[in-house]
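Here are my notes on the model you sent over. Have the structure open while you read, and take the points in order.

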Amino acid sequence: MEEHLVDTYEGCVHALKQKDLRQSLYDAAALMMSDVLVNLHGAEHRARRLVEGKIFRKDVFLHYEKTFLPRTLDETISPFLEAGRGDLVDIGYRVMMNLTVDFAGIDRPERSHEETSELLRLLKEFSLAPALGQSIEADIEPKKARIRKAMAEFDERFFTPSRRRREALLTEVEAGRMAKEDLPDDVLMALILGQEKLQMTDEQFLQEGIFYMLAGAHTTIHSLAHAMHELFEWLDEHPEDVSRLREDPFFIQRCVFESLRLHPSSPVAKRRALCPVALAEGEEVPEGDEVVVNMREANRNPELFGEDPDRYNPHREIGGGKTSYGLSMGYGMHACLGRNLAIGVEPRSNSTPEDHQYGTVPLIVESLLRFGVQRDPDGEPKKDETITRITWSEYPVVFKPEEALI
Ligand code: HEM
């Protein structure tokens with residue numbers, strides 16, 4: 001089996017649209033991801049995406065942004081504020097875990113510190129799976145054993161009870177004792193409502209529940225750490241932009257887009273040919289071969305993204321109908337379902353600050369800046385050295401509200 005590399009923007013878009021190229025990035029993570037949405041293909045993928053897509057509505061997202069996110073942010077950041085310091089990755093995990101778990105439909109009946117810590121521990125174990133294919137360790141079996149154990153623990157304590165509670169609610173609705181509108185607005189409920197059509201097994205339900213914790217939390221946390229790092233560095237060099245932060249309500253979102261362009265959560269997508277497929281430039285990919293779609297490279301094309309494409313520059317002008325964050329939210333049939341929730345919608349000339357959808361990452365950045373976040377002068381940010389892509393594993397910060405930039 002050969003690998004075929006695609007690294008032009010148009011080539012990547014073309015490859016991601018091909019119906020005869022199927023997802024293969026998560027092959028090494030099959031034990032946890034074989035049957036999740038991002039790994040399904042054709043009619044099965046379409047049917048599940050349709051069922052889950054019902055939750056990804058503008059009104060649901062706006063409700064999250066306006067009510068749920070500010071509360072979760074205040075609750076989560078306040079102990080760090082009191083301590084005057086914290087770790088960006090840790091803070092990101094705590095905020096996003098709470099948000100994503102609710103969106104996915106995983107109940108937290110106790111809402112205790114122990115319960116949150118346990119969910120965090122499990123989430124970190126699950127995050128080993130998608131990176132298995134990029135592991136530089138020779139023996140990945142120990143990681144697989146940890147993932148299996150975490151799946152069983154999550155199922156017993158969190159997933160099955162959440163599923164049973166929702167099934168019981170549906171029984172109440174069917175018996176006419178409860179209104180359908182009062183059912184929870186989350187992914188698990190949507191799947192239970194769609195079960196007649198989807199016919200999912202218990203294992204598929206469990207995998208999908210875990211996938212949402214990862215798809216929502218893990219990607220967002222790492223995008224947040226990159227966004228903060230790039231912004232700190234930029235403001236060191238461009239202190240004049242502090243006033244822009246204060247005056248332009250859309251500037252933080254622009255900064256997040258630019259960071260996301262440089263740091264897609266996965267630098268490449270991978271697809272396998274189900275039959276011979278022609279790539280954009282004419283190359284023929286035989287059945288069974290893999291296509292490596294290099295989104296990181298495509299996002300750095302100087303013809304599309306301008307001068308010095310490897311450098312972070314939130315003032316970069318990007319035309320030609322391309323999004324400012326390039327292909328970092330995917331493209332085609334697997335394009336990110338949570339995009340607007342994570343990074344909002346691109347501001348238009350008629351956008352107004354009051355009803356604009358900013359997205360979770362820009363809103364967390366804004367909130368951290370309001371709390372006076374700064375790099376910890378006594379700490380050293382660390383990168384995860386066990387995988388080939390760059391993610392921050394530790395990013396120590398201090399909070400000085402009296403010196404807040406906004
Ligand atoms: C900044 C944060 C995020 C980034 C960078 C990101 C990026 C991506 C990318 C690149 C894909 C396509 C993968 C592929 O083609 O192989 C994807 C798919 C997906 N994302 Fe996101 N995502 C983010 C946040 C979220 C959130 C918050 C959610 C939901 C709560 C979410 C849900 C999904 C789902 C369900 C898919 C699979 C769609 C499908 O296969 O049809 N994502 N994401």
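1. Overall size. A compact globule of 406 residues would have a radius of gyration near 22 Å, and the chain comes out at 21 Å, which agrees. (That radius is taken over C-alpha atoms, and the globule rule is 2.2 Å times the number of residues to the power 0.38.) Along its principal axes, the C-alpha trace spans about 60 × 55 × 50 Å.

2. Ground rules. This is a predicted model, where local features need pLDDT of at least 70, side-chain atom pairs count only at pLDDT 80 or more, and totals for chains, interfaces and linings use all residues. Residues are numbered from 1 along each chain as its sequence is written.

3. Secondary structure. You'll find 16 helices and eleven strands in the chain. Both are DSSP runs numbered from the N terminus: H or I of at least four residues for helices, E of at least two for strands.

4. Around the ligand. The ligand has 25 residues around it, and G216, G330, H334, C336 and G338 come nearest. (To count as near, a residue's C-beta atom, placed from the backbone, must lie within 6 Å.) Helix 5 (88-104), helix 10 (202-237) and helix 15 (339-343) each supply at least two residues of this shell. Helix 10 gives the largest share, five residues.

5. The shell has 13 nonpolar residues, eleven polar and one charged. Here Ala, Val, Leu, Ile, Met, Phe, Trp, Tyr, Cys and Pro count as nonpolar, Asp, Glu, Lys and Arg as charged, and the others, Gly among them, as polar.

6. Helix 10 on helix 16. How do these two pack? Their axes come within 10 Å and cross at roughly 50°, which makes helix 10 oblique to helix 16. (Axes are lines fitted to C-alpha atoms, for helices over the stretch in contact, with angles from 0 to 180 degrees between N-to-C directions; under 35 is roughly parallel, over 145 roughly antiparallel, 65 to 115 roughly perpendicular and the rest oblique.) On the helix 10 side are T220, S223, L224, A227, M228 and L231, meeting T360, V361, I364, V365 and L368 of helix 16. (Contact means C-beta atoms, placed from the backbone, within 7 Å.) By class, that contact has eight nonpolar, three polar and no charged residues.

7. Helix 12 on helix 16. Helix 12 (residues 251-262) packs against helix 16 (residues 360-370) at about 120°, with the axes 9 Å apart, so helix 12 is oblique to helix 16. I252, Q253 and V256 of helix 12 make the contact with V361, P362, V365 and E366 of helix 16. Five of the residues in this contact are nonpolar, one is polar and one charged.

How values were computed
Contact = placed C-beta atoms within 7 Å.
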